[in-house]
Amino acid sequence: MQGPPRHLSFGDDATQSLSLTWYAQRKPVFTGGNRVTLLKGGRDLFPAMVKAIDEAQDSVWLANYLTGPGGQSDLVFEALIRAAQRGVAVQVVMDGVGSREVPQAFWQRLRDHGVQLAIYRPVSGLLSALNSRNWRRMHLKLCVADEDLGFVGGINLIDDHNDLAQGWTSGPPRLDYAVQVQGPAATPVQHTIRAMWTRATLGRDWRDDLIDWVKVPGRMKRLRRVWQQARLRLPPVEQGQISASAGIRLPMRCAFVLRDNLRQRRTIERASLQAVQQARSHVDIVTPYFYPGRALRRALKHAADRGVRVRLLLQGKVDYRIAAIAARALYDELQAHGVRIFEYQAAWLHAKVLCVDDEWATVGSSNLDPLSMLVNLEGNLIVRDRGFAKTLAASLARDFADSVEVPALGDLRQSRSTRWMRGVLNWVAKTYLRLAGVRQREWRD
């Protein structure tokens with residue numbers, strides 16, 4: 001197997017500067033000229049991915065956390081094989097924990113047909129599992145074909161009716177979302193996958209390549225100049241602020257945001273926090289794992305206090321009990337301020353979505369819990385477009401209809417058992433994060 005060159009190529013200096021600015025900044029970098037399509041579940045995502053892969057002429061890059069062969073997901077792997085066999089460069093990087101149950105024969109078949117496969121931080125044996133470095137997982141669900149057509153979301157490569165812990169079900173499909181994006185916003189998605197690939201295969205990522213690149217005399221000065229010019233061309237709405245005109249600006253503007261352990265450690269969290277703080281009419285959040293830090297909880301409560309309709313859609317069917325206990329320990333605090341909480345009953349819930357004022361929306365892999373906010377590698381797409389946000393809101397309305405609202409107790413005082421549970425959960429979270437190498441000041445319960 002022959003991997004990509006050790007040093008990634010980004011083209012000439014101007015192209016390199018513009019393509020790297022998304023990473024060099026701690027705030028979302030928005031671009032226009034994009035077309036974004038909402039995809040619900042694997043039943044929408046997998047056929048769209050297959051079509052993109054089958055039409056690819058030059059390259060396909062894919063990064064994914066969890067894989068479950070069988071059913072719909074096999075269609076994607078067969079498309080990857082077809083692409084590799086007709087000469088398309090196909091690079092796939094899978095997380096070592098999420099893919100650990102996949103038979104080696106399955107991976108070998110991909111390699112035998114020309115797919116270049118890398119496993120990100122494989123874990124084998126007790127010593128490997130105890131290495132805190134391996135606790136930071138690649139939780140991304142990304143794909144890019146021919147550098148221009150990308151997919152971002154929370155959907156793993158597993159059939160909607162299959163759960164690795166619960167098995168197959170004949171009931172309603174798992175609730176999950178992704179987006180298809182065509183245009184310049186696909187560029188940072190591809191750069192992220194390439195970074196995961198090089199990190200998994202060569203021990204390097206874009207930080208190393210960026211450092212090597214800017215060491216050439218004069219390049220850092222040109223990089224700063226190009227970025228300053230780019231910033232001057234961006235109106236205030238592009239600096240991460242919600243505007244009443246944001247939803248009607250054409251063409252569609254969006255930003256790929258990353259949570260890494262380098263420059264963009266808090267980008268997803270801060271973008272979500274700012275959106276909630278600036279909300280005027282409503283905030284809808286869908287996530288299976290909900291235990292945000294103090295700042296986001298405060299923003300949700302303040303939004304509800306000033307009359308914003310704030311709704312949370314969380315798990316009704318529980319997969320990890322500790323996660324459900326953590327979320328429910330926050331119910332009283334939030335409901336006391338008018339935050340409405342719903343639990344999804346129709347099937348398993350895995351979606352990670354935030355929609356604000358029918359103008360701002362994000363879909364991706366990041367949950368609202370300490371693992372996603374501070375440990376794992378995550379990727380979301382922020383879309384600032386009224387048409388897309390309304391489409392997402394209409395879909396979410398059906399999801400809320402398939403849910404049951406949790407009644408508020410009406411007592412502003414937390415029970416002793418709830419306070420005790422919150423204390424235990426906070427201690428567990430801080431201990432885990434400290435062992436994983438997260439600084440204590442980064443987590444405020």
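Buried means under 20% relative accessible area, exposed means over 50%, and partly exposed lies in between (1.4 Å probe, protein chains only). By that rule Tyr 320 counts as exposed, because its relative accessibility is 52%.

A word on the source: this is a predicted model, in which local features need pLDDT of at least 70 and side-chain atom pairs count only at pLDDT 80 or more, while totals for chains, interfaces and linings use all residues. Residues are numbered from 1 along each chain as its sequence is written, and side-chain values use heavy atoms, with hydrogens and water left out.

Let us stay with Tyr 320, which sits in the loop between strand 14 (309-315) and helix 11 (321-328); helices (H or I, at least four residues) and strands (E, at least two) are DSSP runs, numbered from the N terminus. Together with Ile 322 and Ile 325, Tyr 320 makes a nonpolar surface patch with about 300 Å² of accessible area.

Now to the charged pairs. The whole structure holds 16 salt bridges, each being a side-chain nitrogen of Lys or Arg within 4 Å of a carboxyl oxygen of Asp or Glu. Among them are these:

| Pair | N to O distance |
|---|---|
| Lys 40 and Asp 399 | 2.8 Å |
| Glu 269 and Arg 266 | 2.5 Å |
| Arg 340 and Glu 405 | 2.9 Å |

Arg 340 belongs to strand 15 (residues 340-344) and Glu 405 to strand 19 (residues 403-405), so their pair ties together parts that are 65 residues apart in sequence. Arg 340 is partly exposed at a relative accessible area of 35%, and Glu 405 is partly exposed at 34%. In contrast, Lys 40 and Asp 399 are both buried. Glu 269 and Arg 266 are buried too. Elsewhere, a network of salt bridges links Arg 280, Asp 357, Glu 359 and Arg 386.

On a 1 Å grid over the protein atoms alone, a cavity is a set of points where a 1.4 Å probe fits but cannot get out, and lining residues have an atom within 4 Å of a point. The largest cavity has about 110 Å³ of space. Its lining has 14 residues, and the closest to its centre are Ser 272, Leu 354, Ser 366, Leu 368 and Asn 380. Helix 9 gives the most to this lining, with 3 residues.

Notes: Patch = residues over 30% accessible without salt bridge, like charges linked within 9 Å, V, L, I, M, F, W, Y side chains within 5 Å. Areas by Shrake-Rupley, 256 points an atom, 1.4 Å probe, with all protein chains shown as cover. 1 Å grid on protein atoms, 1.4 Å probe; cavity = no way out; pocket = protein on both sides within 12 Å on 5 of 7 lines; lining within 4 Å. Points joined across faces, edges and corners; volume = space filled by probe spheres on them.
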